[in-house]
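Please read it alongside the sequence and the model.

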Amino acid sequence: TSLSKKQRQNSLLEKRKSALIFGWFQASPKELSFVKKLYKNNGYDEVVVVPSAIRDVSRPWGWYQTHLRRHIEHREYGHPLQ
């Protein structure tokens, strides 16, 4: 029997795997990219890595610098929730 176009699309969507990786304390970009690569090698189609802000804000001027950087990003690109 032949599958309809919609059934084929649904079966393709069901086979896709995705992962969301949250960065941990003091994780370097190199470590996060390594974990992303592991997931990709294990058959995940989409892997999203969200770095942790703890590394930035744990430094003496971290809170202030993080606030300024995000303020500038929101001013240029708009707030992400709008």
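A salt bridge is a side-chain nitrogen of Lys or Arg within 4 Å of a carboxyl oxygen of Asp or Glu. The structure holds two salt bridges. The model is a predicted one, and the mean pLDDT of the protein chain is 79.

**Confidence**

- In the protein chain, 82% of the residues reach a pLDDT of 70 or more.
- Confidence is highest in helix H2 (residues 29–41), where the mean is 94.
- Confidence is lowest in helix H1 (residues 5–15), where the mean is 68.

**Fold and burial**

- The protein chain contains four helices and two strands.
- Along the sequence, these elements follow the pattern α-β-α-β-α-α.
- The protein chain has 82 residues, of which buried residues make up 12%.

**Salt bridges**

- Asp 45 forms a salt bridge with Arg 16, and the closest N and O atoms of this pair are 3.7 Å apart.
- Because Asp 45 lies in the loop between H2 and S2 and Arg 16 in the loop between H1 and S1, this pair ties together parts that are 29 residues apart in sequence.
- Asp 45 is partly exposed, with a relative accessible area of 35%.
- Arg 16 is likewise partly exposed, and its relative accessible area is 44%.
- Glu 46 also forms a salt bridge with Arg 16, with the closest N and O atoms 3.3 Å apart.
- Glu 46 lies in strand S2 and Arg 16 in the loop between H1 and S1, so this second pair ties together parts that are 30 residues apart in sequence.
- Glu 46 is partly exposed, with a relative accessible area of 44%.
- Through shared partners, the salt bridges join Arg 16, Asp 45 and Glu 46 into one network.

**Aromatic contacts**

- With ring centres required to lie within 6.5 Å of each other, the count comes to one aromatic pair.
- The rings of Tyr 39 and Tyr 44 form this pair, with their centres 5.1 Å apart.
- The planes of the two rings meet at 70°, so the pair is edge-to-face, given that planes over 60 degrees apart fall in that class.
- Tyr 39 counts as partly exposed, at 31% relative accessibility.
- Tyr 44 is also partly exposed, with a relative accessible area of 24%.
- Lys 17 lies over the face of Tyr 44, at 4.5 Å from the ring centre.

**Nonpolar surface patch**

- Leu 20, Phe 22, Val 48 and Val 50 form a nonpolar patch on the surface.
- Together, these four residues have about 380 Å² of accessible area.
- Strand S1 (18–22) and strand S2 (46–50) each supply at least two residues of the patch.
- Phe 22, one of the patch residues, lies in strand S1.
- At 58% relative accessibility, Phe 22 counts as exposed, because the cut-off for that class is over 50%.

Methods
Residues numbered from 1 in each chain as written. Predicted model: local features only at pLDDT ≥ 70, side-chain atom pairs only at ≥ 80, totals over all residues. Heavy atoms only, no water. pLDDT = per-residue confidence, 0-100. Phe/Tyr/Trp six-rings, centres within 6.5 Å; stacked < 30°, edge-to-face > 60°. Buried < 20%, exposed > 50% of the residue type's maximum accessible area, 1.4 Å probe, protein only. Lys NZ or Arg CZ within 6 Å of the ring centre and 35° of its normal. Patch = residues over 30% accessible without salt bridge, like charges linked within 9 Å, V, L, I, M, F, W, Y side chains within 5 Å. Areas by Shrake-Rupley, 256 points an atom, 1.4 Å probe, with all protein chains shown as cover.
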